[in-house]
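Here's a quick look at a few spots in a protein model. Have the sequence and the 3D view handy as you read.

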Amino acid sequence: MVKKLRLIGNIIHSNFKRLSSPYKVIFVLTYKCNLRCEICRIWEKPYREELNAQNIEKIFKSLHNLNWLDLTGGEITLRQDLIEITKLITRSSKRLSLFHVSTNGQLPDKVFSLAKEVIRSNITFMANVSLDGPEDINDRLKGMKGAYENSIETFKLLKSLNKGHPYLSCTLSDYNIGHIDRFLSELKNDLPNISLSDLHFNVFQTSSHYFKNQNTVGLSNASFGKLKKYLRLSKNGNLIKRFLEDRYIKGLDKYGKVGRFATECQVLRNTCFINPYGEVYPCIIYDRLVGNLGEYDYDLNKLWSNQIVLKARQEIDNNACPGCWTPCEAYPAILGNLFMQRAVIVALKRFFAIPKKRKRDRLIL
């Protein structure tokens with residue numbers, strides 16, 4: 001409970017100021033991948049030596065304010081020391097409340113072991129298991145026959161824990177938008193107990209430094225009306241999920257018109273992105289390198305207050321970044337602008353409303 005309250009506290013503080021250390025971090029554990037996806041080209045990245053467990057531990061020990069971690073890849077289960085690193089992270093991050101992972105689901109047992117380790121640490125576990133359409137479409141997009149079945153098996157294992165929040169995550173693009181209805185029908189056959197609250201839809205994005213898919217055209221034919229039709233299916237589940245998905249869909253309208261965030265972005269104010277080499281970027285989209293943690297003894301706090309980071313944040317304020325509306329960055333932005341959300345404003349007005357008196361002595365506010 002204390003950890004959740006600290007997360008809530010940092011979310012509230014993020015509405016008013018830049019935090020002394022990020023409360024949310026996207027950490028790419030490895031760029032290795034065992035699939036060959038059409039819309040993501042991470043697997044084409046040439047191999048470089050990645051951070052070892054000792055240096056990863058140093059990084060997380062420096063993140064004294066960390067409440068929310070997104071652990072992703074590549075494919076995280078390809079790290080042979082995954083469980084060791086998970087233990088180091090959970091031991092080092094005293095305030096960590098939410099441990100979220102993204103996986104392609106091709107190694108079910110390894111994802112299952114990871115989930116059990118996080119849950120054992122009394123940290124909320126969340127997982128997005130990638131599944132991008134009906135079996136034939138998914139396997140073609142992933143470049144491997146059997147990918148669909150592996151993801152389904154991973155999801156089943158995670159659901160069997162009866163703890164945490166596993167989701168099937170589908171990225172909408174030109175490649176699958178015409179097959180989503182059939183996808184939902186197949187899911188119902190393969191997972192009879194599945195509900196809409198188990199689904200998460202997001203929209204194709206490009207990134208040169210992360211996805212390496214800047215030359216991929218992914219949304220030329222998909223109308224925003226059709227995208228929103230399926231994104232609305234994600235508006236099921238717990239209150240927080242419904243709120244975030246609802247605000248995400250509303251923000252998509254502005255993004256579709258101007259290609260910019262629908263609200264003030266939080267990157268380098270309260271969130272950041274760290275790749276497997278210790279290089280820090282604002283987010284998954286903006287290819288503005290702000291530093292390598294190896295030059296700061298793997299202490300993010302030393303870099304966080306550096307003028308390079310502050311300048312990059314100013315550039316973002318001036319719309320120098322490419323612009324996006326990816327959930328990774330949109331959710332913290334929504335939470336970091338809570339008091340600008342109409343629903344919250346209305347609720348606060350009702351909460352603090354002064355009862356009306358008779359007309360002759362009514363207060364004028």
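This is a predicted model: local features need pLDDT of at least 70, side-chain atom pairs count only at pLDDT 80 or more; totals for chains, interfaces and linings use all residues.

Residues are numbered from 1 along each chain as its sequence is written, and side-chain values use heavy atoms, with hydrogens and water left out.

Let's start with V101, which sits in strand β3 (residues 98–103); strands here are DSSP runs of E, at least two residues, and helices are runs of H or I, at least four. V101 counts as buried because its relative accessibility is 0% (buried is under 20% relative accessible area, with a 1.4 Å probe and protein chains only). Beyond its neighbours within four places in sequence, V101 is in contact (heavy atoms within 4.5 Å) with L71, I76, L114, F125, M126, A127 and N128.

Next up is Q106, in the loop between β3 and α4 (108–120). Q106 is buried too, at 7% relative accessible area.

Finally, the helices: α9 (residues 239–258) and α12 (residues 327–335) pack at about 105 degrees, their axes 10 Å apart. That makes α9 roughly perpendicular to α12, a label for angles of 65 to 115 degrees. Residues making this contact include F243 and Y248 of α9, and Y331 and L335 of α12.

How values were computed. Buried means under 20% relative accessible area, exposed over 50%, partly exposed in between (1.4 Å probe, protein chains only). Axes are lines fitted to C-alpha atoms, for helices over the stretch in contact, and angles run from 0 to 180 degrees between N-to-C directions. Angles under 35 degrees count as roughly parallel, over 145 as roughly antiparallel, 65 to 115 as roughly perpendicular and the rest as oblique.
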